Amino acid sequence: MLLELHDVSKSYPTGEGVLQVLRGVSLELAAGESLALTGESGSGKSTLLHLAGGLDRADGGAIRFAGRDITGLGDGALATFRRESVGLVFQQFNLIPSLDVASNLAFQARLGGRFDAAWTERLTARLGLAQLLARYPEQLSGGQQQRVAIGRALAARPKLILADEPTGNLDEATGDAVLDLMLALLAETGAALLMVTHSMRLAARLGRRVNLAAGKLG
Amino acid sequence: MNARIVLLALLLLATPALGQGFAGLGSDVRGFAVPQPDVALVFPQDHGAHPQYRIEWWYVTANLTGADGQEYGAQWTLFRSALAPGEKPGWQSPQVWMGHAALTTASAHHSGERVGRGGVGQAGVSLSPFAATIDDWSLTSRASAGADPLSAVTIAAAGRRFSYTLDLDAKGPLVLQGDRGYSVKSAHGQASDYYSQPFYAVTGTIRIEDRDVAVTGQAWFDHEWSSQPLAADQTGWDWFSFHFEDGEKLMGFRLRDSAAGFTSATWISADGRPEPLPPGALSVTPEAWHDVKGHRVPVQWRLTLPAKHLDVTTSALNEEAWMDTQVAYWEGPVRITGSHRGRGYVEMTGY
Amino acid sequence: MLVHGLTALLSHWRRHPLQFAMLLLGLALATALWSAVQAINGEARASYQRAAAVVGQDRLDQLVHADGSRIAQTEYITLRKAGWLVSPVLEGEKRYGGERLRILGVDPVTLPAEAAEVNVGAAGLGLARFITPPGVLIVSAATAQRLQGEETPPLAIDDAMPPGTAMTDIGISQSLLEAPGEVSRLLLAPRQPPDVRPLAEIAPDLVKRAPAVESDLSRLTDSFHLNLTAFGFLAFAVGLFIVHSAIGLAFEQRRPTVRTLRALGLPLRGLILLMVVELLVLSLAAGLAGVALGYGVASLLLPDVAASLRGLYGAEVPGTLSIRPSVWGLGLAIAVAGTLASAASRLWRIATMPLLAPARPRAWSLASERGLRLQAAGGLTLLAVALLIVRFGAGLVAGFAALGAMLLGAALLLPLVLSLLLKLGQRLSKGVVAQWFWADTRQQLPGLSLALMALLLALAANAGVGTMVQSFRLTFIGWLDQRLPSELYVSTRSNAESQKVHDWLATRSDAVLPVWNAESRMFGEPVQIYGVADHATYRQHWPMLEATPDAWDRIARGDGVLANEQLARRQHLQLGVPIILEQGRVLPLVGIYSDYGNPRGQLIVGVGLLTQLYPDASRLRYAVRVAPERVPQLMAALHDTFDLPAENVIDQASVKAFSLRIFERTFAVTAALNVLTLGVAAIAIFASLLTLSDMRLAQLAPAWATGLTLRRLALLEILRSAALACFTMLAAVPVGLALAWMLLAVVNVEAFGWRLPMHVFPLDWLRLCLLAVASAILAALLPALWLMRRQPAELVKVFANER
C-alpha cells in the first residue's frame, strides 16, 4: 500500500470548545490509484488531506506512507517527506508569489534534489506554460496558476499527489480542462491521487470515491 | 518691576501707601541733621548743598509774558536726596539728584526730567562760582564779585519740544521764611530751613515747539532743606507763591492730613520785609476741580487772609499743568483776582 | 451614523494593537527628538537673549570706541553736560576661584527704563546698599551657588540674570575690575532732547552702534544650533518614516472596511472627515507624549550642550530647562503636520477611489517596480539639486539645504539600489532556497523600504558625522602639538606682576614669550590681536596654512600681519592684502594660520608693534620654553615666589588635555543624537517587520508546504533582515562619505570658518555595520520567534476555507 490511514483522529480547540474533526478514519490508497474524498462542508476532508500530506499531525491512529509510519516524525522529517514524496495542489495560495513561473515549477523538485530538466520541460509544454515562464503568479489567470501548481507538484515525480478542491476557484470549463490535464499527467507518471472535492461530477471521474460525514467515512 | 520705579521708591523713599506722606517725605530721620530754630542762615554758604540733610531743593518759578503777548510759565527745579548723610568721593556718593523743568502756555504744558548721581560731576551745586547743575540744565550766578551770588542768575533747561534760557535779576533782598528761616511744617514740629528770592525780574528767550519767543516777567526762587519736612500723617501739600500788582508778595501753603490740615503763610512787603503769619491764619478752599492724567486736582482756589484783608481766587493759565515725571504733581502759573490782583504759581502734591 | 462609522474604523486598531502602538511610538519618537533639540536651542537662545537684554543692548543704541577700548568716565560726563541722555556700562570678566564671572556695572540712576531688564531693587536691596562698598552682586540662583564660598561682594538673587553674569553698581564694578574712571560703553536713551550738539563735535572718538538684534554670542553660536536643528530634522524625518509606513499599512488594510462603509451609505466626505479627525486625535496624543519625552531627552543632553557652549564660545547657558510654550506648540504642530503629510496620499486615494474598486491587497511587486523607478528618478533629481547647491550656493543654510537634498535623494534611490543588489544576489545564487531567499527579500522591499530609508539616513549620518568628527580630532590633535609647543603657560594678575614674573623667568628658562593681546573691532566683527616675539618656537611650529617665505621676518620687523583662517575666509583675505590697524597703520597680510576651536577672528603682529599700536593691550600672559623635566620644579617655584593661583600656571599637557576635553564634549551631543537616530531607525524596522508579519504568513506557507521547516524559515527571516541592513550599510557608506565631505568642506567652512582635511576610518564603518546588522537582527527576532511558534493549523488555514 502506498498510503494507509488507520483509525486516525484529529481535533481542534475552538472558541466553543474542542472540535472533533476526525473520529477514527481508516483509509488505504494503492500506488497509481486515484481516490476522490467527498463530504459536506466541515466534514473534515481537508484535515484528512493535510494529515496525509504531513502538513499537520494526527491526535491518534497511524498514517503510513509506503510502509513507513509518518505519525511520529519531527518537523524536519516531515518537511523532508513533503519535499520528496508529496505533490500538493490547493484551491488558492498555492504558488510562491516572489518567484516567476519557471522557478515555481522547479521549486519543489530542486528543493528535494529531484530536478529533471527534460521532464520539467516536457511538463511545461504539456501544461501549455512555455510562454508564461517569466511571469509572476499574480500576472496569471486562475486556470494558469492552477496549471503551474500542478506542474510544480508533478515536477519532482512524487508518488502521491494531494489536491484540495483544485478547480474550486475556476469556472466549470476551465476546471474540467485543468482536471483533464492533471489526470492525464498522473497516468503518465503513475502517481497516486487523493483529491478533496464536494463535486460529485468531478468525483465520478476518479477511480474510487469515499465520503466523509461527521468525521467518519461513510 | 522696572528698575527706575524701584529706584524712585528708593530715591524718594516710599510711597504714600506706606503712610509716610507724599514721596516718603514723612519718614524718619535716621542719622540726618535736623533743622534747628535759632540757628541763623549764613550766606553765601547756605546757598550751597547741605548733604547732612536728607532732602533739599532749589526751585524757580517764573510768570512770563512773551513778545507775542501770550502768557507763559517756566519752572526750574533741582532736587537733592541723600541715601545717607554726608558726602563721599566718586560713585560712592550717597547723593542723588533730580531735575525738573517745565514750560507752560495756555494750551500746552511741556515738562522734562533729569536724574543723576553725585560725586562724579554729573549733578550738584558748587558755591564759587555759584552753580546748581544737572546735565545740561543749570542755574548759574552772574553776580558781580562781592554781591550775593543769587542777585543775578541765569537758568537754562531743555526737554522734548521746549527749552529756555532766562536771566534773573533780583530787585529786592532775600526773604527768610518762617521764624528767620526756620519754617514749621506741622503741629508736631516738623520743620525745614527755607528762604526765598521773590523779587526776580526776568528777561530771556523760550523755545517752544521750535518757536523762539522773547519773554519778560517775574520769578520766584526758593531754597529749602530738611530731613523730615512732613509729619507721618500728612499726605501732600498745596503751595502758593503770589506776586501782587502793588509789589507785595505772598507765600502760603497748606499741608493736608486726615484732619483740617496745617496752613502757614508769609506776607512780604514790596521792599522785602517778611511778616510770618501764625499757623491757621491763612485759609485755602478748592472751588473747582479738574481731571488730569488720571488725577483729580483743584484748579481754582479761594484764599483768605483776614489779617491782610485778602480774599482772592486763582485761575490756572493751563489746567493741564501736570508734571508727568516719575514723582508726579501739579505745578503751574495762575492769575489772581479778588481783593488783590496779580500772578503767581501753585503747586499741588499728593493728589 | 458618523459615530458608528468611527467605531468601525477604530475597530481596526483594536485588532491590530501593535500597529497602533507603532504608529504612536513612531510619531512620539519623531516629535521627541525634534522637541529635544528645540528645547535645547530655545534654552540657549533665551539665555543669550537675557545676556544681551540685561543691559538693553538688544534695544538701545550704544556709544563705543571704534577700537573696542574703554571710554573715559569724563567723556560720559561731558556728554551728559551736553544734554545727551546716556548711561554708562562697564563690562568685564573676573575670576572667583575657578568661576569666570561676567561683571556688568550699571548706573541704576541714569539707566534708561528700556535697559532695565533686571530689578535692581529686588531682594530688599536699597540703592544705598547697592552703591555703597562693598556693594551687591545681583546674580541668578545657579550662579550664586557656583560662587558659594568665594570672596565676592554680598550676593542678591534675581533669576532674570543670565548665568555667569553679575550686575552691580558702576562704581563697585570699577573697583572689582580695577578700571577706575573707565566705562565700556554708553547706552543711549531712545528719546534724546532736540537741539543737542552733534556727537561728532562732543565725542568724535565714539561711534554709535545700533542695537544688536543678535548679539555676537548668538551669531557665534548660530552654527552650533543650526547643527543641532539639522539633527533634529533628521531624527524627525527618520521618525516620520515609521509613521508613514504604519499609516500606509493601516489604510491599506482598512480598504475593505472603507468600501463596506461607503456601500452602506456613509458619504465619502463624512468618511474622510472621520479619518482626518482620527488622525488629528492620534497625532495630538502622540505629539504630547513626544514633547514630554523630548524634554526628558533634552534635560539629559543639556549639561553637555551647556559645557560645550561654555568651552567653545564662553557662552553661558543654564543647565536646567524651563518649559517653553513655543516648544510645545511647535512640537504638536509638527506632529500633526507630519501625520497629515504622511496620510495625505492615502486620503487622496480613498477620495478618488471608485466605490467598488477591488479590495484586494496591493499588487506589490509590479506596482513597486514602476514606483521604484519613479522614486529613483526623484532621488537622482535631488542629488543633482544638492550638487548644484554645493556648486553655486553660499552660506550655512545653503550648506544644510544641500545636505538635506543629498540625504533625501540618497534615501529615495535606496529601494532601487537594493532591488538591483538583490536581483544580482538572486542571479548569482545557485541553490533553490537561496534563489527564493533573494526573490522573496526583493518582494519585501516595498513594505520595508521606508524603514530601510530611515536606516540609511541614520547610518549615513552616523558614518558621515563620525568621519567628520574623527577627521577633526586627528587634525585637531596634530594642530595642538603645533600650536602649543611651549612647555609652560603663565598668567599674571597685573602689569607690575607681569614685569616681575617676566624678569624672574628670563633667567630661569630658555625663553619667555609674551602672549599679549588686544581686542578690537575690525571688518564689523570683534577681532583679537596678538603680539608675538621673534622666536624659533613660532618659526618652526606655527600651523601656517599659507605664508610668504619671509613672513616671520616681516612679523619680527613689524612689517606684516598674520590672520587666522576663519577671519581670512570670512573677509576673503588673501596674502598681500592691506590690513588697516590702529593709528592708521596699514600692513600687508603675510600669512594665514589654522586656529581651530576659536570662533573669533584673530590677527598676529610683532609684539613691539602690538604695544605701540595698542597701548592698552593686555600684557599679562607668557609662554615659557624650558626643558620638560624642569617644568614641575619651575611651576612650584613660580607658585612659591609670586603666590600665583594654580590655574594661572599651566603646563603644556594640561592645556592640551583641557582643549581635548572641550573638543570631546562638543561632539558628545552629536554622538548622542546619532545613537538616538539609529535607535529610531531600528524601531522603524521592527515596526515594519511586525506589521508585515501577518501578511508574511501567506507568502511563507507555500514554501513551508513544499518542504521547508518553520525553524529554517524563521532563520531565513532573520537573515533577510540582516542582509537588508548590511546592504543598506553598503549604500550608506558613499552617502556618509559625501556627507562627511560636505560637512568638512562646506558646512564647517561656513559655520566655523575652517576647512579640514578628510580622513577615512573604515574600521568605524565596520563597527557601524555590525551595529546596524545587530539592530536589524534584533528587530527581526520577535516576528521570527512568532513564526517558529506557529501551529501547522494556522499555516494550513492559508490553503483552505474549511476543515
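Reply: Two strands pair if DSSP finds at least two bridges between them. Strands (E, at least two residues) and helices (H or I, at least four residues) are DSSP runs, numbered from the N terminus. This is a predicted model, in which local features need pLDDT of at least 70 and side-chain atom pairs count only at pLDDT 80 or more, whereas totals for chains, interfaces and linings use all residues. Residues are numbered from 1 along each chain as its sequence is written, chains are lettered from A and ligands numbered from 1 in the order in which they are written, and side-chain values use heavy atoms, with hydrogens and water left out.

Me: What makes β7(B) and strand β8 (residues 152-159) of chain B a pair?

Reply: Their 4 bridges, in the antiparallel sense, meet the requirement of at least two. One bridge partner in β8(B) is B:Ala156, which belongs to B:Ser138.

Me: How do you know that strand β6 (residues 131-134) of chain B and strand β7 (residues 137-141) of chain B pair?

Reply: DSSP gives 4 bridges between them, again antiparallel, and at least two are required. B:Ile134 has B:Trp137 of β7(B) as its bridge partner. The two strands form a hairpin with 2 residues between them, and B:Asp135 in the turn has a positive phi of about 50 degrees.

Me: Why are β6 (86-89) and β10 (216-217) of chain A said to stand at the edges?

Reply: The open sheet has 6 strands in the order β6-β7-β8-β3-β9-β10 (chain A), with mixed pairing. β6 and β10 of chain A each have a single partner strand, so one side of each is left without a neighbour in the sheet. Within this sheet, strand β3 (residues 34-39) of chain A runs parallel to strand β9 (residues 208-213) of chain A, and 5 bridges join them. There A:Thr38 has A:Asn211 as its partner in β9(A).

Me: What makes strand β8 (residues 192-196) of chain A mostly covered?

Reply: A residue is buried under 20% relative accessible area, exposed over 50% and partly exposed in between (1.4 Å probe, protein chains only). In β8(A), 5 of its 5 residues are buried. A:Ala192, A:Leu194 and A:Val196 lie on one side, with A:Leu193 and A:Met195 on the other. The strand also has parallel partners: 4 bridges join β3(A) to β8(A), and 5 bridges join β7(A) to β8(A). A:Leu37 stands opposite A:Val196, while A:Ala163 stands opposite A:Met195.

Me: Why are α15(C) and α20(C) called oblique to each other?

Reply: Axes are lines fitted to C-alpha atoms, for helices over the stretch in contact, and angles run from 0 to 180 degrees between N-to-C directions. Angles under 35 degrees count as roughly parallel, over 145 as roughly antiparallel, 65 to 115 as roughly perpendicular and the rest as oblique. The axes of helix α15 (residues 495-506) of chain C and helix α20 (residues 631-642) of chain C come within 12 Å and cross at roughly 140 degrees. The two helices are therefore oblique. Their contact (heavy atoms within 4.5 Å) includes C:Trp504 and C:Leu505 of α15(C) and C:Leu638 and C:Phe642 of α20(C).

Me: How do you know how much of chain C is buried?

Reply: By the cut-off of under 20% relative accessible area, 57% of the 803 residues of chain C count as buried. In chain B, buried residues make up 58% of 351.
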